[in-house]
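Please read them with the model open.

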Amino acid sequence: MAHDVEVSMLRAARTERVAIPQLSDTFPSLDLLTAYEIQAEQRAGFGPLVGWKLGVTSRAKQQQVGVDAPIYGFLAGDHVLDLGEPLVVAEHISPRCEPEIVFVIGRDLSGAHVTATEVLGATAGVAVGIEVLDSRYTDYRFTMPDVVADNASAGRYVVGTPVPPHGLDLRLVGVVLELGGEVVATASGAASLGHPAAAVAWLVRELAASGEGLRAGEVVLSGGLTAAVPVSAGDVVVATIDRLGSVELACR
Amino acid sequence: MPITDAPGKARALYDARRDRVPIAPFTDADPTLGMGDGYAVQEQLVDLLLADGDAIVGYKVGLTSKPMQRMIGVDSPDFAPILASTALVSGGSVSLSTLIQPKIEAEVIAVMGERLQGPGVGVTEAARAVAGVSAGVEIVDSRFEDWRIKLADTVADLASNGAFAVSSRVVPLSQVDTRLVGMTLTRNGELADTGAGAAALGDPLLVVAWLANVLGERGIALEPGHLVMTGALHAAVPMAAGDVFRAEFDRLGPVTLRVVA
């Protein structure tokens, strides 16, 4: 592989649970294109591909880091937490949780001009989800190419029960994140790129550049809707989204 | 210990409102002033404004989110009457010339259907007494220089209330989960912030219950038709002439305001 050194540095950080300095410190020429290549080379190490995740989908976050587009990462078998399965904190470096709207894709969708409307048409269901981020970099300090190479900080994720998307305005659904029974953040669906389906459409258009697309049965985590909250053993995280229900994650 | 010169402080705020010239925070001269001192000034100020022919149309509750409470260093909300003269029309405009240093916030507004008075009001009693909820915005403003407020200052200054607008649509509680109702605030078509009802004390109905109990200690009741502004669902956004703000709530609809000079 073309980027064995970078891939093995990231793998070592993950398996030994020791954060590393950002790759761009060692490789100052790291750009987004190279970063997505590094990301793609890691796919095989995580089991079968099950979907995708979006990152940096809020305008506030984009302005903060000085970019005007989101990023994406892949989700594979090793990222999945089943309903009721606890998050084992010790298996991670510095996990943080955020609520997301999860799309379950009903039929293949690809193309460089796909819009939110087509995404909704190809969606079998939408669900509330909790994504557990875990940066392999010290204190989540990274440039955009760094975080792309690190698979957009993907850690684990859990998905609630999907409901059909028809008749839902995902822009306006209320989102509540609770930690230990206390409300820590709220939002509405619009927090991801103005509309979560628009975020998924962006992903489809980006994937088209490398000849890929969404497959029926895949899931897409459409972007964090609140700031991510750090978790430790003993914490219980609950994400609730109006009309979609809630999902709970216990941290051990 | 009673506050020094509550009537004088109320008069200073009254003049600051009328002249739109901010004054130094009361806590600059006396850092020991607390919540009780603030309410003593607030009562006198409200009396002055009512004597001018204004009327109380409900109450606002502030400091309903943990981040705001931490910022001011308190662990409970505050409240102030809202006055008929500060009502704006959704779809209309708000003039900066009537305000000092305004910011805008989207809030769930509860409309009382029945009289409600504490003590002993819980969320169930609050839900029974509320006719429904509406989309709203509050324009907060401070009559103190540069928003340099401590608790006693903001309580005295009508909890920094400036103006408000409420949607004409009152949605019964059977049709909306006040905890989960989602909200987007856009400024000139661009998303400024989002939130959900739970940002206000965990549930806007808990805010109504809190208010009824606190007012009850003072022998005051929430009356049918009173509005209760249940607290901001996001960080307040500064306003400039030419801005168009739209707060849209799931199931409750929008409130729109144009900002003019």
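1. Start with helix α1 (residues 6–19) of chain B and helix α3 (residues 35–51) of chain B. In this predicted model, their axes come within 8 Å and cross at roughly 55°. That angle is why α1(B) counts as oblique to α3(B). The crossing of α1(B) and α3(B) is right-handed.

2. Which residues make the contact? From α1(B) come Ala6(B), Pro7(B), Lys9(B), Ala10(B), Arg11(B), Leu13(B), Tyr14(B) and Arg17(B). From α3(B) come Ala40(B), Val41(B), Gln44(B), Leu45(B), Leu48(B) and Leu49(B).

3. Ten are nonpolar, one is polar and three are charged.

4. Now turn to the second largest pocket. Its volume is about 400 Å³. The lining has 21 residues. Closest to the centre of the pocket are Arg17(B), Arg20(B), Thr86(B), Thr98(B) and Gly162(B). Note Arg17(B) in particular: this residue of α1(B) also belongs to the contact with α3(B).

5. Which elements give two or more residues to the lining of the second largest pocket? They are α1, β3 (87–88), β4 (93–95) and β7 (161–166) of chain B. The largest share, four residues, comes from α1(B).

6. Nine residues of the lining of the second largest pocket are nonpolar, five are polar and seven are charged.

How values were computed:
Residues numbered from 1 in each chain as written. Chains lettered and ligands numbered in written order. Predicted model: local features only at pLDDT ≥ 70, side-chain atom pairs only at ≥ 80, totals over all residues. Heavy atoms only, no water. Axes fitted to C-alpha atoms, helices over the stretch in contact; angles between N-to-C directions. Parallel < 35°, antiparallel > 145°, perpendicular 65-115°, else oblique. Left-handed = near helix turned anticlockwise from the far one by under 90°. Contact = heavy atoms within 4.5 Å. Nonpolar A, V, L, I, M, F, W, Y, C, P; charged D, E, K, R; others polar. 1 Å grid on protein atoms, 1.4 Å probe; cavity = no way out; pocket = protein on both sides within 12 Å on 5 of 7 lines; lining within 4 Å. Points joined across faces, edges and corners; volume = space filled by probe spheres on them.
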